[in-house]
Amino acid sequence: GNAWLLFGERGEKTDLYYAGDIKGWQADGTLTKTDLVFSRDVAPKRYVQNLVAEQGDEVRRWIEGGASILVCGGLQMAAGVQDALVAILGQEKLDQMTQDGVYRRDIY
């Protein structure tokens, strides 16, 4: 199926992990859509949670089409992503996705 990567780190030159893999996945169609954000490379700072909020309509369309959401990263980012998802989908929908195993988080 389709895959959309929203990736964030501090700086593109120092923190774009798996850059070669990501480019390969884009080229071979593994990744349908890719959004990258590097908080220290822009002013004002932007984060993954900003990408999620900005792409709210598209996030909703992907969810309505059966997408799963996997969040991996720090507590603050994960909380921001969750807040953005609640604003987009509503708490009830996000709770149902959690129960169904299609919203998963690996946070630290």
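Because the model is predicted, local features are reported at pLDDT of at least 70 and side-chain atom pairs at pLDDT 80 or more, while totals for chains, interfaces and linings use all residues. Residues are numbered from 1 along each chain as its sequence is written, and side-chain values use heavy atoms, with hydrogens and water left out.

Let me begin with the pocket. A pocket here is an open set of points on a 1 Å grid over the protein atoms alone, where a 1.4 Å probe fits, with protein on both sides within 12 Å along at least five of seven lines, and a lining residue has an atom within 4 Å of a point. The largest pocket holds about 1,400 Å³ of space, a volume being the space filled by probe spheres set on the points, which are joined across faces, edges and corners. Its lining is made of 44 residues, and those nearest the centre are Leu6, Phe7, Val48, Cys72 and Met77. Two or more lining residues come from each of strand S1 (4-9), H2, S2, H3, helix H4 (56-64), strand S3 (69-73), H5 and strand S4 (103-107), where helices are DSSP runs of H or I of at least four residues and strands are runs of E of at least two, numbered from the N terminus. S1 gives the largest share, six residues. By class, the lining has 28 nonpolar, nine polar and seven charged residues, with Ala, Val, Leu, Ile, Met, Phe, Trp, Tyr, Cys and Pro counted as nonpolar, Asp, Glu, Lys and Arg as charged, and the others, Gly among them, as polar.

Is serine 39 buried or exposed? Serine 39 counts as buried because its relative accessibility is 3%, the cut-offs being under 20% for buried, over 50% for exposed and partly exposed in between, with a 1.4 Å probe and protein chains only. Its side chain makes a polar contact of 2.7 Å with the side chain of arginine 40; such a contact is a pair of N or O atoms within 3.5 Å, one able to donate a hydrogen and the other to accept it within protein, and residues adjacent in sequence count only if both atoms are side-chain atoms. Tyrosine 47, in the loop between S2 and H3, is partly exposed at 34%, and beyond four places in sequence it is in contact (heavy atoms within 4.5 Å) with Val37, Ser39 and Arg40. Proline 44 also has its place in the loop between S2 and helix H3 (48-54), and a cis peptide bond with omega of about -5 degrees joins alanine 43 to proline 44.

Another backbone feature is at tyrosine 18, whose phi is positive, near 60 degrees. Tyrosine 18 lies in the loop between helix H1 (12-15) and helix H2 (19-28), and is exposed at 62% relative accessible area. Most residues other than glycine have a negative phi, and most peptide bonds are trans.

Finally, the helix pair. The axes of helix H5 (residues 75-89) and helix H6 (residues 91-99) come within 7 Å and cross at roughly 115 degrees, each axis being a line fitted to C-alpha atoms over the stretch in contact, with angles from 0 to 180 degrees between N-to-C directions. Gln82, Leu85, Val86 and Leu89 in H5 meet Gln91, Lys93, Leu94 and Met97 in H6, and the residues of this contact divide into five nonpolar, two polar and one charged.
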